[in-house]
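We will go from stop to stop, and each one comes with something to look at.

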Amino acid sequence: MVITATITLVGDNIKATGIGSNNANITWNTNFKTNSTVEYDTTTGYGMSNTNDTLVTSHFVPLSSLSPYTKYYYRIISKTDDGVSVTSTGSHFTTTHAIGTSFAQPSAETTVTGVTAKTENGVQQVNLSKSTLTATATKEADGKTVTVTNLNNGWSSIKYTGSDVVESGTDISVNGIQSIVMTSTPVTEDLGGNIGTVSARIEVPLTKLVSGEPIQQNIIQGATSDVASAFQLAATSSSLDIKSVAYTVEFKNTDALNANLGAAGVTLDLSVDHAWVEENGGRDNIKIIRFGDDGKKEVLTTLYIDSDVSGDITTDNFRATSPNGLSTFGMTAVASTGGGDSGGNGGGSSGGSGTTSTSSVSSSESNSYTGVSGSHSTIQQAVAPIVQQINEFLAPFQEDEATTVQPLRVAGLTATTDPAGMQTIRLDAVLARQSGATITLANNVITISQPGFTLTVVTRDSSVIEKDVISGTVQSVGLRTDPVSAQTSSGTVSVSLETALAGIPENAAITTTISDAANPDMLNAFQSAALANNRQVEDVAYSVVLGKSNLATTGPATLTLTVSPEWVSSHGGIPSIGVAHLSDDGTSEILTTGYTGVDNNGNIAFLATSPKGLSAFGLVSLKTQTGPAPTTGSQQPAQQTVHDTPAGTIGRFIANNIVLLAGIFAVLLAIGVAIVLYDRRSGNRNRTRKKER
């Protein structure tokens with residue numbers, strides 16, 4: 001019996017992903033191998049199409065040259081090699097606004113008509129006059145709080161809490177003000193794409209009434225280049241990478257509020273479409289990042305609160321607390337970089353390539369003295385202790401320095417610069433991945449990670465993908481290096497850095513030299529910087545010189561330096577540790593240094609930002625200056641060993657070990673005489689044998 005059946009070709013799981021201002025990706029699956037066609041347009045006429053004739057079951061078709069914030073209708077068509085096809089029903093998506101588009105919102109006024117304050121003996125009293133109040137005041141049951149609602153000035157409520165509340169006729173007095181909590185009216189904006197309609201709401205606790213300081217709140221599509229770089233620096237300090245920035249919330253004219261901020265800090269509630277959250281790895285990957293007006297960058301502790309469902313749209317709500325007040329915040333998606341110390345380019349404890357080499361004698365060399373092998377071995381044994389002593393004496397300047405050269409090349413990455421200085425990149429993703437790189441693309445942020453370093457390229461608009469080639473106009477470039485390790489007298493240490501670049505580097509490299517000691521010029525510079533802050537450099541764990549080849553950096557550089565906990569504890573603990581910097585222009589400074597935790601090797605990590613970029617650094621222990629300030633020319637760390645030049649070291653060795661050297665010379669002379677006598681005896685024996693024959 002023969003049974004025949006027909007299996008229908010099906011196309012399902014149709015999605016529009018990676019939606020930017022001028023591009024989108026359409027993906028779907030089929031149950032047979034088919035080609036891939038997407039028909040699309042701003043109407044259901046579907047006047048444009050894009051086709052890939054490769055027969056597959058998982059389909060990916062990029063759409064480019066789209067218009068910003070425009071609704072596009074699309075449908076998919078898949079056809080097998082024998083002509084069977086399936087066409088989907090129509091779907092649609094809306095592109096986002098261009099990156100950096102700002103949506104200014106009305107100001108949130110801090111002045112409320114009918115509310116006044118007076119201060120006596122440092123204690124503030126707030127008075128509310130119901131006859132002139134342009135809002136609704138309600139006395140709470142606790143007898144200490146008055147809540148004002150229906151403000152219509154950018155705030156949904158203001159809660160005044162004091163020692164007590166007194167009502168007199170149409171007036172209410174809140175005495176002994178303890179806190180004033182201002183909750184804003186949610187600000188919303190439709191950003192298109194998978195970001196959807198977003199909202200931002202803040203709760204600001206104040207220690208006293210602030211009037212006449214309206215704050216301006218803007219929602220910005222994505223992030224501008226400077227802000228995106230700042231967000232990435234904040235993420236890097238937390239061992240994270242930015243995958244995507246949905247939007248930025250910017251607050252202006254915030255000085256008065258921040259100056260009177262309560263201990264609880266600002267509570268920030270931000271929302272985004274669940275589709276964007278899922279596209280970027282889920283709710284656990286969402287972080288709110290703050291970029292302060294003072295330059296401080298921090299990843300805030302971010303909590304998923306709940307979701308709002310309206311029809312087929314789900315909006316996820318997240319909350320973060322900013323202890324340092326209002327400024328600029330980003331709704332971002334991140335990915336963990338794994339953290340810890342990866343051992344640098346070369347791995348292990350040698351710190352990449354290092355400078356230590358092992359020599360071996362070839363077989364021909366080892367057999368060249370077989371005639372005197374016995375006496376040669378005896379002589380070697382006699383000389384060995386002397387040679388060992390010499391090697392130990394010379395070891396400091398032979399092994400105290402490890403140098404790692406990290407080329408900053410990415411296979412398949414090229415850049416061209418137009419006469420106006422605008423740089424355009426082209427990244428062949430296939431070539432890059434074949435060379436070991438990992439590429440992450442989210443809207444206008446391209447992250448290229450490969451052993452040794454990571455480049456983060458922010459383009460001026462969403463990047464264009466066409467047949468595994470990514471292109472775009474460069475807005476900013478960030479560099480993060482993997483930790484470079486070295487073995488020092490302080491243990492195994494490591495150094496990594498992050499900095500902004502002027503553009504895509506070409507034939508560039510960073511050379512990291514870690515030394516067990518700092519030279520006298522460095523020591524004097526570090527000591528001068530410490531003395532300027534009424535401190536002294538007590539000891540130097542190690543020094544680092546960062547050399548640049550064909551590399552132009554912009555702005556500050558952030559360094560992470562690690563050292564063993566034993567060294568830290570023996571030098572006064574974490575508060576005593578700092579990073580000293582000697583810049584290319586000869587100036588020196590003790591950088592603001594922060595403890596960031598313990599790496600995977602158990603070493604303590606310190607983070608410091610150098611405003612003047614890369615040059616020479618030292619991880620130092622500091623103590624408070626007591627007594628008269630020493631002169632920097634003579635002052636050196638108490639426990640620091642300064643290594644002289646090889647010539648100076650050898651000179652001192654000769655002067656202090658003349659007897660030893662005389663013994664070595666005598667032994668070497670004896671070796672030469674023995675070899676000559678042996679050769680003569682061997683020659684005489686050979687001639688005697690010839691005569692006998």
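**Before you start.** You are looking at a predicted model, in which local features need pLDDT of at least 70 and side-chain atom pairs count only at pLDDT 80 or more, while totals for chains, interfaces and linings use all residues. Residues are numbered from 1 along each chain as its sequence is written, and side-chain values use heavy atoms, with hydrogens and water left out.

**Stop 1: helix 1.** Select residues 225-237, which form helix 1; helices here are DSSP runs (H or I, at least four residues) and strands are E runs of at least two, both numbered from the N terminus. Ten of its 13 residues are buried, meaning under 20% relative accessible area with a 1.4 Å probe, protein chains only. Among them are Val227, Phe231 and Leu233. The end C-alpha atoms of helix 1 are 19 Å apart, which agrees with the 18 Å that its 13 residues should span at 1.5 Å a residue; that expected span is 1.5 Å times one less than the number of residues.

Stop 2: How many cavities of 30 Å³ or more does a search of the whole structure find? The answer is six. A cavity is a set of points on a 1 Å grid over the protein atoms alone where a 1.4 Å probe fits but cannot get out, and lining residues have an atom within 4 Å of a point. Volume is the space filled by probe spheres set on the points, which are joined across faces, edges and corners. The largest cavity holds about 130 Å³. To find its centre, show Ala228, Ser229, Gln232, Thr456 and Gly478, the closest of its 15 lining residues. Helix 1 gives the most to this lining, with four residues.

**Stop 3: the second largest cavity.** Here the space is about 60 Å³. Display its lining, including Val112, Ile158, Tyr160, Ile180 and Met182. Strand 12 (155-161) and strand 15 (179-184) each give two or more residues to it.

**Stop 4: Thr267.** Finish in strand 20 (residues 266-273), where Thr267 lies. Thr267 is buried, with a relative accessible area of 17%. Leaving aside residues up to four places away in sequence, Thr267 touches Arg201, Ile202, Glu203, Arg319, Ala320 and Thr321, where contact means heavy atoms within 4.5 Å.

Definitions and conventions:
1 Å grid on protein atoms, 1.4 Å probe; cavity = no way out; pocket = protein on both sides within 12 Å on 5 of 7 lines; lining within 4 Å. Buried < 20%, exposed > 50% of the residue type's maximum accessible area, 1.4 Å probe, protein only.
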